[in-house]
Amino acid sequence: MIVVPLKEGENIERALKKFKRKFEKTGVVKELRSRQAFIKPSVKKRKEHVHAVYVKQLQQAEN
């Protein structure tokens with residue numbers, strides 16, 4: 001459960017912003033979206049490989 005302690009006189013919008021940030025860090029929405037459709041392990045692995053190659057190319061271009 002996410003708890004956002006409020007300080008004396010703190011704005012509710014600020015507290016809501018803190019809550020949203022904490023909620024996003026938990027990854028609940030991302031997990032739900034990934035579970036909507038089954039992805040074969042081979043497809044997942046291939047996608048991870050393509051992403052790793054992309055990241056490596058970015059790092060090499062930076063240097």
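Tutor: Buried residues make up 3% of the 63 residues in the protein chain. The model is a predicted one, and the chain exposes about 6700 Å², of which carbon and sulfur atoms supply 57%. There are 3 helices and 0 strands, in the order α-α-α along the sequence. The radius of gyration is 19 Å, well over the 11 Å that the globule rule gives for 63 residues, so the chain is more spread out than a compact globule. Along the principal axes, the C-alpha atoms fill a box of roughly 50 × 40 × 15 Å.

Now the patch itself. Its members are L16, F19, F23, V28, V29 and L32, which together have about 480 Å² of accessible area. Two elements give two or more residues each to this nonpolar patch: α1, covering 12-26, and α2, covering 28-35.

Within α1, the two phenylalanines can be taken together. F19 and F23 are 4 residues apart in that helix, which means that about one helical turn separates them. Their rings form an aromatic pair, with 6.1 Å centre to centre and 20 degrees between the planes. The pair counts as stacked because planes under 30 degrees apart are classed that way. The count of aromatic pairs comes to 1. F19 has a relative accessible area of 33% and is partly exposed; F23, at 32% relative accessibility, also counts as partly exposed. Patch residues need over 30% relative accessible area, and the values of 33% for F19 and 32% for F23 can be read against that cut-off.

V28 lies in helix α2, and its relative accessible area is 38%, so V28 is partly exposed. That value falls between the limits for the class, since buried means under 20% and exposed means over 50%.

Last, the confidence of the prediction. The chain averages a pLDDT of 93, and 100% of the residues score at least 70. Among the elements, α2 has the lowest mean pLDDT, at 92, while helix α3, residues 41-62, has the highest, at 96. The patch therefore draws on the element with the lowest mean, as α2 is one of the two that give it two or more residues. Where pLDDT is low, predicted coordinates should not be read in detail.

How values were computed
Residues are numbered from 1 along each chain as its sequence is written. This is a predicted model: local features need pLDDT of at least 70, side-chain atom pairs count only at pLDDT 80 or more; totals for chains, interfaces and linings use all residues. Side-chain values use heavy atoms; hydrogens and water are left out. Patches are made of residues with over 30% relative accessible area and no salt bridge: like charges are joined within 9 Å, nonpolar side chains (Val, Leu, Ile, Met, Phe, Trp, Tyr) within 5 Å. Accessible areas come from the Shrake-Rupley method with a 1.4 Å probe; for residues, only the protein chains shown count as cover. A salt bridge is a side-chain nitrogen of Lys or Arg within 4 Å of a carboxyl oxygen of Asp or Glu. Buried means under 20% relative accessible area, exposed over 50%, partly exposed in between (1.4 Å probe, protein chains only). pLDDT is the predictor's confidence in each residue, from 0 to 100. Rings of Phe, Tyr and Trp (its six-membered ring) pair if their centres lie within 6.5 Å; planes under 30 degrees apart count as stacked, over 60 as edge-to-face and the rest as tilted. The radius of gyration is taken over C-alpha atoms; the globule rule is 2.2 Å times the number of residues to the power 0.38.
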